[in-house]
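I opened the notebook to look up the sheet, its helices and the aromatic rings. My entries follow.

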Amino acid sequence: MGIRIIGTGSYVPDQILTNQALEQMVETSDAWIRERTGIGSRRITKAGTTDMAVKAAKCAVEQAGVLPEELGLIIVGTSTGDCLFPGTACEVQAAIGAKEAACFDLSAACSGFLFSLNTACTYLKSGEYKTALVVGADTLSKTVDWKDRGTCILFGDGAGAAVIRWEDSSGGIGPFIMKADGSRGECLRCSAMPLRNPFLDKEEDVFGYMTMNGQEVFRFAVKTVPEVLEAVLEKAGVLAGDIQYFILHQANERIISSVAKRIRQPVSKFPMNLEHYGNTSGASIPILLDELNRQGKFNRGDKILLAGFGAGLTWGATFLQW
Ligand code: ACO
């Protein structure tokens, strides 16, 4: 028995924000952004997280060939839902008619899809549900200060999704590793609704923007991602050389190249799409997964590693056999 991905989907908004357009907004240049990050443009939503999550979910469900009623569970990995409540997963459920599904959101920033996938797999393995929809969707464009060149150049909006099913076949998803270090939360932070009630001495400031210590996040990523990849390979009993694709969170081309170097694998095994979308947070892994799947890059039995990292700090990796 194993858990397989039986359908993928993704959606990015039509509006493209190029580096050249950003040059008009903050003191930066296309050359600087490309050299430091690999990003050329990103997409910006005018409709929000639920809209993107629903569109990606519909594509994944259609490709999986399952009825929405067959879904027992929907988890949306997001830290930028349109509402504090209801959760984005409930809104997706209503929009696609998955009326039997248990629904909740999972907040792990850029690790959101990976943690959601691992959580859904654990529920499926328990026998509680047979089929689940996992979505990663984020609107980072509403968290960045568009006057801060240190962050606004990095992020874009999007959503990706996968339908997974517990099947009578070998391989599938797992093992996985999930890690967190809450003591380092300050280096990438965005506050939510401020405290406001009549008992406060003074009301807190309104919603704050994202703050980031870019260099610390960079150092964290290039150290922890290779470590967690090596650890999950050992857990799976597989060699790095046996892996066809390393699908990493798309934060920065230099981070991905550095990880490839540290685990002594060719960068050609690390597909990237961040040039077109920037860092879409929890959406980046499932968008890339869907693109590769639709390009017919995966063959049955291919060994694939997924790895994510982000605010929390959180990070993790998942081994899967297509
Ligand atoms: N355009 C031009 N110059 C800039 C810009 C910009 N957009 N941003 C910063 N600079 C300047 C700085 O002010 C600095 O100038 P100074 O030397 O005169 O002080 C110089 O460029 C170098 O700045 P650094 O911060 O040292 O640049 P660095 O090479 O570290 O690159 C970057 C910055 C791209 C943010 C990098 O640190 C990074 O990618 N970090 C990881 C960030 C990340 O991935 N975060 C999210 C991951 S988790 C998640 O997805 C939620």
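I took contact to mean heavy atoms within 4.5 Å. The model is predicted, so local features need pLDDT of at least 70, side-chain atom pairs count only at pLDDT 80 or more, and totals for chains, interfaces and linings use all residues. Residues are numbered from 1 along each chain as its sequence is written, and side-chain values use heavy atoms, leaving out hydrogens and water.

**Sheet.** I found five strands in an open, mixed sheet, ordered β1-β7-β6-β4-β5. Strands (E, at least two residues) and helices (H or I, at least four) are DSSP runs, numbered from the N terminus. Two strands pair if DSSP finds at least two bridges between them. β1 (2-11) and β5 (102-106) are the edges; each has a single partner strand, so one side of each lacks a neighbour in the sheet. I then checked β1 against β7 (residues 157-167): they pair antiparallel over nine bridges. T8 has A162 in β7 as its bridge partner.

**Helices.** Helix α3 (residues 49-64) lies across β1, β6 (131-139) and β7, at about 130° to β1. Axes are lines fitted to C-alpha atoms, for helices over the stretch in contact; angles run from 0 to 180 degrees between N-to-C directions.

**Rings.** I paired Phe, Tyr and Trp rings (six-membered ring for Trp) with centres within 6.5 Å; planes under 30 degrees apart are stacked, over 60 edge-to-face, the rest tilted. That gave seven aromatic pairs. F220 and F309 are edge-to-face, because their centres are 6.3 Å apart and their planes at 70°. F220 is in helix α7 (residues 214-236) and F309 in strand β12 (residues 303-310), so the pair ties together parts 89 residues apart in sequence.
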